[in-house]
Amino acid sequence: MAKINVKETEIAIINNSENDYISITDIAKYKTDNPSAAIGNWMRNRNTIEFLGLWEIIHNPNFKPLEFEGFKKEAGLNAFTMSPQKWISSTNAVGFISKSGRYGGTYAQRDIAFKFASWISVEFELYLVKEFQRLKEEEQKQIGWSAKRELAKINYRIHTDAIKYNLIPQELTLQQTALVYANEADVLNVALFGITAKEWREQNPDLKGNMRDYATINELISLSNMENLNAVLIDEKIPQKERLIKLNRIAIQQISILENVEERKFLK
């Protein structure tokens with residue numbers, strides 16, 4: 001569950017079957033202390049029923065159109081009442097989710113939630129859309145970081161295999177072997193970050209994980225490239241001191257290029 005703040009109103013968002021559902025109970029709280037009544041009044045409207053029905057026809061192959069047609073004929077009449085629960089059970093709708101418990105309330109697929117927000121307040125809808133887009137952008141950045149981190153982990157296997165077959169004699173103990181791996185990992189750490197893993201831990205005693213877990217996307221891209229390159233240099237029997245100098249130069253160059261690319265995108 002994610003949360004955004006819109007006009008000093010906290011709005012919960014959940015993901016279901018790769019669809020974002022926004023709490024219209026929270027949206028209604030912007031205007032009223034009785035959100036259920038506000039949602040019910042909105043769903044009594046004929047335009048609302050038509051919108052909900054068309055949305056379901058487009059997105060839901062199991063939607064019941066005959067029940068929808070019946071509701072559409074009754075919508076707007078004084079005796080007509082509607083609620084998300086009634087709509088779901090009668091039409092097999094998927095545009096709403098009704099939850100109970102601590103984070104309970106009515107959630108609507110984002111298209112429907114934006115429609116409801118517009119009914120509550122056009123100004124509120126504009127701020128809601130803006131904050132929702134900001135949340136999605138942040139999520140995409142996190143996905144990008146995670147992808148680069150996984151790539152760096154995969155390439156690290158290539159790196160460790162090169163160490164295994166070129167730098168570790170068979171007669172070494174497990175402890176000695178671990179030291180060789182750690183030493184070569186620190187070649188990359190020093191080349192890119194300027195410090196060893198031990199130095200980073202001493203400087204950041206309260207942080208969990210390692211320095212690579214806190215690297216930027218650009219640093220992870222460079223790290224992934226350097227792991228491949230160092231594997232090649234190890235295969236070519238190039239001494240560690242020379243490899244460190246080469247890798248440091250490449251890291252500086254790559255980070256500079258990547259940052260310039262970001263700046264050009266920002267200027268556009």
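How many helices and strands does the secondary structure of the chain come to? The secondary structure comprises eleven helices and five strands. The legends below refer to close-up views of a predicted model.

**Figure 1. Overall composition of the chain.** The chain has 268 residues, and 39% of them are buried. Among the contacts in the chain with a separation of 6 or more, 62% are accounted for by residues 24 or more positions apart.

**Figure 2. Packing of helix α3 against helix α6.** Helix α3 spans residues 46–59 and helix α6 spans residues 110–120. The two helices pack at an angle of about 165 degrees, and their axes lie 11 Å apart. The angle makes α3 roughly antiparallel to α6. The crossing in which α3 passes α6 is right-handed. From α3, the residues Phe51, Leu52, Trp55 and His59 take part in the contact, and they meet Asp111, Ile112 and Lys115 of α6.

**Figure 3. The buried residues of helix α2.** Helix α2 covers residues 35–44, and its buried residues are Pro35, Ala38, Ile39, Gly40, Trp42 and Met43. Which elements do these buried residues pack against? Their helical partners are α1 (24–28), α3, α5 (84–91) and α6. The strands β4 (96–99) and β5 (105–109) also pack against the buried residues of α2.

Figure 4. Side chains of opposite charge can pair when their charged atoms come close. In this view, the side chains of Lys29 and Asp26 form a salt bridge with an N to O distance of 3.7 Å. Thr9 is located in strand β2, which runs over residues 9–16. With a relative accessible area of 11%, Thr9 is buried.

Figure 5. Glu69 is partly exposed, with a relative accessibility of 33%. In helix α7 (residues 122–166), Glu131 and Arg134 likewise lie three residues apart, about one turn of the helix. The closest N and O atoms of the salt bridge between Glu131 and Arg134 are 3.0 Å apart. Glu131 has a relative accessibility of 19%, and the cut-off for a buried residue is under 20%, so Glu131 counts as buried. Arg134 is partly exposed, at a relative accessible area of 36%.

**Figure 6. Two lysines with positive phi.** Most residues other than glycine have a negative phi. Lys7 is not a glycine, yet it has a positive phi of about 50 degrees. Where does Lys7 lie? Lys7 occupies the loop between β1 (2–6) and β2. Its relative accessible area of 34% makes Lys7 partly exposed. Lys237, also not a glycine, has a positive phi of about 65 degrees. The loop between α10 (217–235) and α11 contains Lys237. Lys237 is exposed, with a relative accessible area of 58%.

**Figure 7. Ile250 in helix α11.** Helix α11 extends over residues 240–267 and includes Ile250. Ile250 is partly exposed, with a relative accessibility of 21%. In sequence, 25 residues separate Ile250 from Asn225. In space, the C-alpha to C-alpha distance between Ile250 and Asn225 is 9.4 Å.

Notes. Residues are numbered from 1 along each chain as its sequence is written. This is a predicted model: local features need pLDDT of at least 70, side-chain atom pairs count only at pLDDT 80 or more; totals for chains, interfaces and linings use all residues. Side-chain values use heavy atoms; hydrogens and water are left out. Axes are lines fitted to C-alpha atoms, for helices over the stretch in contact, and angles run from 0 to 180 degrees between N-to-C directions. Helices (H or I, at least four residues) and strands (E, at least two) are DSSP runs, numbered from the N terminus. Angles under 35 degrees count as roughly parallel, over 145 as roughly antiparallel, 65 to 115 as roughly perpendicular and the rest as oblique. A crossing is left-handed if the near helix is turned anticlockwise from the far one by less than a right angle, and right-handed if clockwise. Contact means heavy atoms within 4.5 Å. Buried means under 20% relative accessible area, exposed over 50%, partly exposed in between (1.4 Å probe, protein chains only). A salt bridge is a side-chain nitrogen of Lys or Arg within 4 Å of a carboxyl oxygen of Asp or Glu.
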